[in-house]
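Thanks, everyone. Let's go through charges, salt bridges and domains. Here is the model.

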Amino acid sequence: MIAADGLEEIVRLELVDAAATERLGADLAMMLRPGDVVALCGDLGAGKSTLARAAIRHLAGDASLEVPSPTYTLVQAYDTAPKIAHFDLYRIGGDDELDELGFDELVEAGVALVEWPQNAPRVLSQAGLVVSLDMAAGGGRVAVLGGRGEAAERARRTLAIRSFLAGAGLADAERRRFFGDASTRRYETVHTGTAEPQILMDAPHQPDGPPVRDGLPYSRIAHLAEDVIPFVAIADALTAAGFAAPAIHRADLDHGLLLIEHLGDDTLLDDAGQPVAERYEAAVLCLADLHETAWPADLPVAGGGVYTVPLFDPGAMAIEVDLLPDWYLPRAKGRTATAEERASFAGIWADLFAEVRATETTLVLRDFHSPNVIWRPRETGRRRIGLIDFQDAVIGPSAYDVAALAQDARVDVPAALEARLREAYVARRTAGDPGFDAAGFERAYAIMAAQRASKVLGIFVRLLERDGKPQYLRHIPRIKTYLGRTLGHPSLAALKALYAAWGVLDDEAS
């Protein structure tokens with residue numbers, strides 16, 4: 001490997017044929033992010049272009065994409081996601097010529113794959129990943145990977161996933177990015193060419209964040225999953241009770257890797273992205289079935305151990321609604337809440353949490369809305385609804401998940417459909433239990449809907465300002481519409497007055 005300051009060796013790989021080199025290129029493509037510089041070192045014929053071509057085709061989603069060598073053009077750009085600039089620096093004489101090629105601008109906009117980087121030493125100093133290729137004595141190639149910092153960790157992770165798949169008999173499977181989650185978890189689809197695709201969940205243990213209250217981090221107070229154990233335990237429990245949760249095909253609990261069943265691609269929305277009322281109603285009836293089921297707090301974990309589902313206690317509810325004054329209010333109003341305003345806010349919510357404490361509690365999946373619900377038309381009953389996001393499940397008010405669905409944060413649910421869903425839920429619950437407290441449910445529904453809307457307003461601003469994800473701001477007007485509907489409930493009179501004083505329903509945070 002070509003030496004470079006701060007570079008650490010990650011792995012040495014035997015690549016037995018061209019297919020293995022192409023597979024390495026595709027696996028590395030899975031970890032690339034804008035700003036990455038990948039240096040490809042090796043003599044003529046060592047496989048640099050083969051690896052680069054495989055990475056570009058993988059990100060383009062086109063195995064037949066023409067990827068000419070940039071030997072004469074020096075650089076070739078591709079409108080992939082992320083964008084890639086493929087450089088061949090064989091003919092340049094030093095760092096000065098990088099500026100003429102627009103190197104820095106292209107790196108800022110995307111990823112740079114650079115052959116012959118030694119001809120411009122600045123490239124090697126910037127490279128987060130260096131791949132050195134050489135011909136092996138007995139045939140094939142040898143690849144030595146080195147990296148720096150966070151890029152090196154991503155490279156290790158993508159190679160660990162390939163090893164995990166090999167242990168499942170999927171050493172040659174094709175991996176594809178699977179988007180759609182706002183969390184730190186990653187997902188991939190895994191294709192073998194013959195069987196149905198599977199889903200790879202990449203969720204390494206999340207270290208505790210900084211303490212935010214009583215010496216505890218936000219995730220601990222809000223009872224957010226810090227590893228894959230909750231998902232495995234709850235998936236098995238749901239499946240055992242007859243619900244359609246993904247089967248766990250292979251698990252590495254220590255390293256946060258799961259290979260799970262792909263429940264399908266259909267959602268609760270039509271081709272235009274609008275709610276299909278019948279599908280939403282099937283989903284709310286599935287919730288009614290789930291809420292009629294007795295769920296133990298302690299769930300066995302495959303392979304040994306027990307997972308205790310946490311309580312959705314007032315502390316967890318409070319830390320979530322605090323996201324509104326912490327994040328949403330400063331952006332919407334251009335100022336922070338005063339100490340008196342915060343005290344009033346906390347007091348109002350403490351009273352509401354006390355009021356909802358007497359309501360029915362059950363297993364709450366916690367993020368039950370269109371992105372996380374699969375429509376399975378070939379199935380019947382509760383199994384028509386696929387459940388895929390429940391690692392943060394808690395024992396809490398049953399009304400919470402109904403509100404999450406009927407006030408879907410990602411799509412406009414008309415007021416008439418929201419009312420229809422609540423009525424269908426109450427009718428199913430009453431049919432199963434004539435003593436079901438419908439009035440208590442409606443009160444809890446209003447409180448939990450307001451709690452969730454307040455939390456989500458803060459989260460969407462936090463996703464922008466802390467995580468650099470502005471795309472969630474477009475949902476804010478919808479959440480405010482839902483909140484406006486909900487605040488008419490008598491139990492929320494004090495909250496309505498406070499939010500009116502703050503202008504929560506009037507000002508945009510976008």
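Start with Glu188, which counts as buried because its relative accessible area is 0%. Buried means under 20% relative accessible area, exposed means over 50%, and partly exposed lies in between, with a 1.4 Å probe and protein chains only.

Before going on, the ground rules. This is a predicted model: local features need pLDDT of at least 70, side-chain atom pairs count only at pLDDT 80 or more, and totals for chains, interfaces and linings use all residues. Residues are numbered from 1 along each chain as its sequence is written, and side-chain values use heavy atoms, with hydrogens and water left out.

Back to Glu188. What does its side chain meet in a salt bridge? The partner is Arg186, at 3.0 Å, N to O. A salt bridge here is a side-chain nitrogen of Lys or Arg within 4 Å of a carboxyl oxygen of Asp or Glu. Arg186 has 26% relative accessibility, so Arg186 is partly exposed.

Next, Arg422 and Glu442. Their side chains form a salt bridge at 3.2 Å, N to O. This pair links distant parts of the chain: Arg422 sits in helix H14 (residues 415–432) and Glu442 in helix H15, 20 residues apart. Helices are DSSP runs (H or I, at least four residues), strands are E runs of at least two, and both are numbered from the N terminus. Glu442 is partly exposed, at 28% relative accessibility.

Now a network. Salt bridges with shared partners join Asp27, Arg157, Arg162, Arg175, Arg186, Glu188 and Asp202.

Another pair: Glu465 and Arg331. Their salt bridge spans 3.5 Å, N to O. Glu465 is partly exposed at 43%. Arg331 is partly exposed too, at 32%.

How many salt bridges are there by this rule? The count is 35.

Asp265, Asp266, Asp270 and Asp271 form a negative patch. Patch residues have over 30% relative accessible area and no salt bridge; like charges are joined within 9 Å, and nonpolar side chains within 5 Å. Asp271 lies in the loop between strand E14 (257–261) and helix H9 (277–292). Its relative accessibility is 88%, so Asp271 counts as exposed.

Last, the domains. Domain 1 covers 8–172 and domain 2 covers 264–502. Those bounds come from an automatic or database domain assignment. Taken over C-alpha atoms, the two centres are 44 Å apart.

Definitions and conventions: Areas by Shrake-Rupley, 256 points an atom, 1.4 Å probe, with all protein chains shown as cover. Lys, Arg positive; Asp, Glu negative; His and termini not counted. Charge placed at Lys NZ, Arg CZ, Asp CG, Glu CD.
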